[in-house]
Amino acid sequence: MLGGVAALGLAGRADAQGDPLPSWNAGPAKDAIVKFVHATTDAASRDFVPVAERIAVFDQDGTLWVEHPVYTQIVFAFSRVPEVVKERPELAKEEPFRTVLTGDRRAIAQLGLDALMSRRSRWWAAPAASATQYAADGRPVLIKEPKLIINDDNAGKPEGIHLVIGRTPQFAFGNSAGDREMLEYATAGAGARLGMIVLHDDAEREYAYGPAQGLPDSKIGTLPQSLYDQAVKDGWIVVSMKADWKRVFAFE
């Protein structure tokens, strides 16, 4: 979650012609972003939003990060396993640590996502989502517990936004069914609002999955046709990775 629609890149480095979104192709999606930013940042506009109140929220997996063929966090976790085991050698005998340490990709794949995610709290933690407990053992401390305050998905997303930011965003960008409530929440208020959904339809530069618009189904980042239809109905912009993005990755 980022404060300020400048996070979209409009206040960042433009190309030599002054294009505020040089990685985007010309079209309705790019036009909608530019129009929205102008409307909310022009002091003469009736939709002007003061700087301190400009809130844009983004889904992470599949929107800001690649999530196929496996979540980026899992890749990070693999890289962290040797370091964690070095600090706690006893973990080398536990799963999934034992299998990950072998480097056998086939064996790792057979562990399944549930087995990998079951130990994620040992590798990383989301501070805003992790519960803490007060303890006084010589001195007062807060201990992070392996349990969630809010499951940051579906209805938990607007709940988390309220908990952490305390303001209703004007802009929301997601890519899957888990972002529905966040998009509804951000676009329901008065004034200029913008909701966007990225459609992963570029199998050449990234991946193509859905199953919206006849794309292959997926267990990760599912964008059902029902959400696509809701986007059309509610005026959210569906961003085609294939058609709307001139560049997907910085190294292109």
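Trainee: In strand 7, which residue is the bridge partner of Ile 197?

Mentor: This is a predicted model, where local features need pLDDT of at least 70, side-chain atom pairs count only at pLDDT 80 or more, and totals for chains, interfaces and linings use all residues. Residues are numbered from 1 along each chain as its sequence is written, and side-chain values use heavy atoms, leaving out hydrogens and water. Strands (E, at least two residues) and helices (H or I, at least four) are DSSP runs numbered from the N terminus. The partner of Ile 197 in strand 7 is Val 238.

Trainee: Through which helix does the chain cross from strand 6 to strand 7?

Mentor: The crossover is a right-handed β-α-β one; right-handed means that, with the strands pointing away from the viewer, the path from the first strand over the helix to the second runs clockwise. The helix spans residues 225-234 and is helix 8.

Trainee: Why is strand 6 described as largely enclosed by the rest of the structure?

Mentor: Buried means under 20% relative accessible area, exposed over 50%, and partly exposed in between (1.4 Å probe, protein chains only). Leu 194, Met 196 and Val 198 point one way, Gly 195, Ile 197 and Leu 199 the other, and all are buried. Strand 6 is largely enclosed because the buried residues number six of the six.

Conventions
Two strands pair if DSSP finds at least two bridges between them.
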